[in-house]
Number of protein chains: 2
Amino acid sequence: MSVVQMVKIVGLGAVALTLSVEWLGWLFCRLWPRKISRGPLKEVFFFPTEVACTERLFTPDSPFPCPCPLPHNVNTSFTRLLGHILSASSSLDLCVFAFTNLDLSRAVLALHARGIPIRILTDMDYTLITGSQIGAIRRAGICVRCDSGAVHMHHKFAVVDGRRLITGSLNWTLTAIQSNKENILVTEEPDLVLPFITEFQRLWDVNDPARRQLPSIAEKTASLVL
Amino acid sequence: MSVVQMVKIVGLGAVALTLSVEWLGWLFCRLWPRKISRGPLKEVFFFPTEVACTERLFTPDSPFPCPCPLPHNVNTSFTRLLGHILSASSSLDLCVFAFTNLDLSRAVLALHARGIPIRILTDMDYTLITGSQIGAIRRAGICVRCDSGAVHMHHKFAVVDGRRLITGSLNWTLTAIQSNKENILVTEEPDLVLPFITEFQRLWDVNDPARRQLPSIAEKTASLVL
């Protein structure tokens with residue numbers, strides 16, 4: 001067999017292989033459309049949500065069933081949100097206007113107990129509302145920075161492990177979860193996640209208490225002279 | 001030339017063409033990475049935004065420059081948001097908690113004047129706040145439905161032309177745009193857009209005034225008897 005014939009046969013084989021793979025892919029898509037992953041994670045949840053027991057999410061290995069009267073093993077918008085928060089394995093950056101929800105506070109404290117670095121940015125005025133969890137979170141040793149501007153730090157987003165964005169209209173409060181009409185969008189789409197990571201870092205740096213303006217030496221001297 | 005030879009030549013040609021296209025694509029990606037569209041539209045804007053003139057967005061064909069003292073031809077988060085709203089060509093579905101911003105109201109009225117079907121869902125209590133644009137929008141003949149539940153209809157999303165989702169923490173107010181720390185996410189990713197379309201339709205139907213519970217004939221008769 002000459003070299004030219006060999007090249008032709010290899011060429012024809014390559015064409016046949018390419019076509020086969022393309023057709024098999026098409027066939028697979030048609031037969032099992034749900035099994036094909038369509039890019040990075042994308043989920044949307046709406047609230048209010050049905051009230052269900054969340055104990056299993058915090059103690060998945062417990063041999064004892066939870067005795068509480070709430071429905072168990074129910075998948076709700078809130079259990080899915082809580083699941084995403086608790087899935088953090090390397091970091092959690094949270095930027096939230098109001099934070100009073102006990103389950104979400106418990107989730108943050110559980111991550112902290114696992115040694116996962118957590119940074120929380122919140123609105124100064126809203127740390128003072130009834131039931132705010134910011135005090136308890138600070139007392140546990142988690143780093144919290146407050147935006148103390150005259151206007152609101154109105155964001156409600158979290159970035160899990162530097163790659164999963166959780167954002168929407170939902171504040172981390174019981175009213176938002178159980179009563180209001182709200183939405184949460186979860187995605188790992190880099191074009192959507194990266195701007196939030198950059199904005200979080202910018203706001204984190206801007207609200208560094210160590211960088212708050214201190215009086216200069218000239219100002220101090222002037223005040224002493226006067 | 002025999003049929004077999006012809007098949008071999010066509011096969012080789014196909015391989016060469018496939019490889020050429022793949023290599024050209026790779027080369028184009030390397031040379032002009034920004035020019036390659038990476039799937040459906042995905043954008044993120046943060047607020048507060050610089051204040052700039054928006055006149056050009058409303059009157060793009062005007063031969064006269066705007067005489068106002070604001071910066072002109074500046075691309076800000078707000079002009080981009082406004083641009084997305086004004087890009088509507090077939091429909092606008094808006095689900096917003098608070099709506100007082102005059103530019104956004106003007107955009108909605110401009111779309112209405114162009115004959116584009118608009119549906120607005122809002123929170124009943126927040127139609128009463130100072131500066132609410134809902135009255136003006138209703139007077140113009142745009143269909144508005146109010147969620148009159150005891151809790152908040154806290155969404156802040158819009159769907160443009162049934163395919164472009166605009167969602168985030170930002171209410172359609174001047175404070176949100178010019179003062180607060182806020183975010184807006186714009187996407188045409190179907191997995192993210194479709195749930196919002198479904199939820200909008202559900203809330204639209206639930207808040208249809210014609211479907212509000214009226215007393216049944218039995219109840220009416222009972223009240224007459226009593």
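In this predicted model, helix H4 of chain A is followed by Gly115(A), whose phi is positive, near 85°. Because the model is predicted, local features are taken only where pLDDT is at least 70 and side-chain atom pairs only at pLDDT 80 or more, whereas totals for chains, interfaces and linings use all residues. Residues are numbered from 1 along each chain as its sequence is written, chains are lettered from A in the order in which they are written, and side-chain values use heavy atoms, with hydrogens and water left out.

**Helix H4 in chain A**

Helices (H or I, at least four residues) and strands (E, at least two) are DSSP runs, numbered from the N terminus. Helix H4 of chain A covers residues 102-113, and its 12 residues reach 16 Å from the first C-alpha to the last, close to the 16 Å expected at 1.5 Å a residue, where the expected span is 1.5 Å times one less than the number of residues. Its buried residues are Leu104(A), Ser105(A), Ala107(A), Val108(A) and Leu111(A); they cover an arc of only 155° around the axis, which puts them on the same side of H4(A). That arc is the one spanned by the directions from the helix axis to the C-beta atoms, and buried means under 20% relative accessible area, exposed over 50%, and partly exposed in between (1.4 Å probe, protein chains only). An α-helix has 3.6 residues a turn, so residues three or four places apart point the same way.

On the other side of H4(A), Leu102(A) and Ala113(A) are exposed. The cover over the buried residues of H4(A) includes helix H2 (55-58), helix H3 (77-86), strand E2 (92-96), strand E3 (118-123), helix H5 (134-139) and helix H6 (174-178) of chain A. At the start of H4(A), a side-chain oxygen of Asn101(A) comes to within 3.0 Å of the backbone nitrogen of Asp103(A).

**Chain A as a whole**

The secondary structure of chain A comes to 8 helices and 7 strands, and buried residues make up 42% of its 226 residues. Contact means heavy atoms within 4.5 Å, and of the contacts in chain A with a separation of 6 or more, 71% are between residues 24 or more positions apart.

**Helix H4 in chain B**

In chain B, helix H4 (residues 102-113) has 12 residues and reaches 16 Å from its first C-alpha to its last. The buried residues of H4(B) are Leu104(B), Ser105(B), Ala107(B), Val108(B) and Leu111(B); seen down the helix axis they fall within an arc of 155°, so they line one face of H4(B). The face turned away from that buried side carries the exposed residues Leu102(B) and Ala113(B). Asn101(B) caps the N-terminal end of H4(B), with a side-chain oxygen 3.0 Å from the backbone nitrogen of Asp103(B), and just after the helix Gly115(B) takes a positive phi of about 90°.

**Where the two chains meet**

In the interface, 37 residues of chain A are in contact with 37 residues of chain B. The two chains bury about 3500 Å² between them, 68% of it on carbon and sulfur atoms, where buried area is the accessible area (1.4 Å probe) that two parts lose on being put together, summed over both. Across this interface the rule finds 3 salt bridges, a salt bridge being a side-chain nitrogen of Lys or Arg within 4 Å of a carboxyl oxygen of Asp or Glu.

**Salt bridges**

A search of the whole structure finds 16 salt bridges over all chains. The table lists some of them.

| Residue pair | Closest N to O distance |
|---|---|
| Glu189(A) and Lys42(B) | 4.0 Å |
| Arg163(B) and Glu188(B) | 3.7 Å |

Glu189(A) forms its salt bridge with Lys42(B); Glu189(A) lies in the loop between E7 and H7 of chain A and Lys42(B) in strand E1 (residues 42-47) of chain B, so the pair joins two chains. Glu189(A) is buried, with a relative accessible area of 11%, and Lys42(B) is also buried, at 14%.

Arg119(B) is partly exposed, with a relative accessible area of 23%, whereas Asp93(B) counts as buried at 14%.

Methods: Polar contact = N/O pair within 3.5 Å; in protein donor to acceptor, adjacent residues only side chain to side chain.
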